[in-house]
Amino acid sequence: MKKLVINTSDAKSVINKNIYGHFSEHLGRCIYGGLYVGEGSDIPNKAGMRAAAVDALRHIRAPVLRWPGGCFADEYHWMDGIGPAGARKRMVNTHWGGVTEDNSFGTHEFMELCEQIGCEPYVNGNLGSGTVREMSEWVEYMTGDGLSPMSELRKQNGRADPWKLKYFCVGNENWGCGGNMRPEFYADQYRRYQTYLRSYGGNKIYKIACGANSFDYDWTDKVMANATRYMDAISLHYYTVPFDWRDKGSATDFGEDAYYMTLQKGLRMEELISRHLGVMDKYDQEHRVGVIVDEWGAWYNVEPGTNPGFLYQQNTMRDAVLAALTFDIFNAHADRVVMANIAQTVNVLQSVILTEGDKTILTPTYHVFDLYKEHQDATAVSHWIESDEVGAGDAKVPRLSATASIKGGTLTATITNTSATENASIDCELIGVGKALPPENICGKVLMGAINAMNDFDSPDKVTIKSLEGIEATSVGAGNCANIRFTLPACSVAAISLKL
């Protein structure tokens with residue numbers, strides 16, 4: 001029997017709903033054939049947006065969507081993507097597969113997609129190959145509410161009222177695909193470009209600087225040293241690769257060694273956030289600047305027979321467990337982590353949705369977003385876990401991981417059992433709950449399966465959320481604490497809600 005203690009009286013930070021954000025790039029079939037099918041498609045759509053994908057994202061309360069990249073952002077020129085679709089400039093997507101980009105999905109379409117989902121738009125501007133004027137005019141085009149050239153152009157293209165746009169990042173991965181810049185050079189460029197990102201009318205731009213690649217603490221140090229006062233947040237990218245970048249391993253054909261290796265590497269997110277925050281503290285002692293992990297997730301070899309530049313991979317229970325562990329890390333740093341965006345939403349890397357023609361399926365990772373959605377804008381409360389380690393060889397990870405939060409008088413506890421083979425019986429003590437909870441006040445749901453279990457187009461519901469049976473509420477014990485007991489299956493993620 002393992003112990004989980006939740007102190008409902010020890011409130012921590014509010015968990016920003018944007019931690020459960022998403023990322024959509026012009027890469028492979030994320031946009032075209034994924035989120036966007038076009039108004040003339042036989043696939044059910046509204047204004048060209050795949051209805052099934054929009055409905056799925058609305059169900060998990062997707063709070064924010066990042067676009068147009070990714071590496072694509074620093075070769076994207078926004079004026080190519082406005083006006084009549086047939087007259088838009090075509091280009092070659094040199095980063096991802098060398099395919100022709102017809103720009104039929106542009107600013108208007110992205111904003112339409114966000115409105116349908118009910119999420120905030122997050123835009124990456126082109127610093128690598130774009131100009132200050134181009135970036136400035138894009139913000140004016142989207143948000144300008146007065147008489148100006150860009151607002152008039154927007155009206156000519158069918159949008160009378162300005163959009164609301166809060167989140168704007170100056171460039172993407174400018175240490176690499178965004179220009180191979182040195183951090184000092186990027187900091188100077190950032191200071192220059194952000195100067196011209198105006199806030200029009202009632203719209204206020206939240207300015208985001210391009211942060212580090214994984215363990216590059218020097219980048220964070222030099223950018224913060226030179227540009228802290230000009231930013232609201234700084235980004236961080238980290239991908240979990242089981243082995244190495246030359247051979248990342250299969251997304252579906254793996255054993256327990258690769259399973260535990262993936263989780264172990266995923267848990268390094270804790271080290272990354274803690275150490276980058278430590279660097280930031282030298283220049284931001286008031287903790288004004290937030291951290292945005294706007295690219296994260298598992299990266300494996302592409303599925304056999306698919307375009308290597310499309311980064312299409314399947315999604316298993318291993319990815320679901322990885323997502324849960326990552327959310328627990330973000331939630332534990334909710335005082336500083338203000339947003340995160342999984343890479344990517346549809347058909348790319350650790351996606352939450354897969355499509356094939358008119359078919360749409362939800363991945364195990366999607367269901368973790370569903371289990372965790374009650375944490376959005378809830379107040380985290382402290383918890384403690386008595387847990388040993390499980391693993392294979394040198395790859396060891398904690399058996400259990402959890403997040404607990406309260407919103408509207410309901411406690412939500414999400415708990416993950418990382419063991420590939422063993423169930424975990426848990427005794428959960430609720431400090432501050434001085435009464436026994438009746439059964440009708442307790443609801444449990446669980447996502448479980450073998451480590452390789454996945455949904456495909458022949459079996460779309462093989463891995464899905466089910467009721468967690470056998471939750472026992474015991475009487476109030478010593479210390480005026482309520483107790484519940486339950487068992488988590490091997491390789492599972494559960495959510496238990498308790499009306500207090």
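Predicted model: local features only at pLDDT ≥ 70, side-chain atom pairs only at ≥ 80, totals over all residues.
A salt bridge is here taken as a side-chain nitrogen of Lys or Arg within 4 Å of a carboxyl oxygen of Asp or Glu. Glu115 belongs to helix 2 (residues 107–117), whereas Arg159 is located in the loop between helix 4 (149–156) and strand 9 (167–170), so the contact ties together parts that are 44 residues apart in sequence. Both side chains come from partly exposed residues, the relative accessible area being 43% for Glu115 and 22% for Arg159.

By the same rule, the count of salt bridges comes to 23. One of them joins Arg66 to Glu295, the closest N and O atoms being 3.0 Å apart. This pair links distant parts of the chain, since Arg66 lies in strand 5 (residues 64–67) and Glu295 in strand 12 (residues 290–298), 229 residues apart. Arg66 is buried, at 0% relative accessibility, and Glu295 is likewise buried, at 4%.

Because the two residues are three positions apart in helix 4, about one helical turn separates them. Glu152 is partly exposed, with a relative accessibility of 29%; Lys155 is also partly exposed, with a value of 38%.

Beyond these pairs, a network of salt bridges links Lys2, Asp388, Arg399 and Glu422.

Notes:
Residues numbered from 1 in each chain as written. Heavy atoms only, no water. Helix = DSSP H or I, 4+ residues; strand = E, 2+ residues; numbered from the N terminus. Buried < 20%, exposed > 50% of the residue type's maximum accessible area, 1.4 Å probe, protein only.
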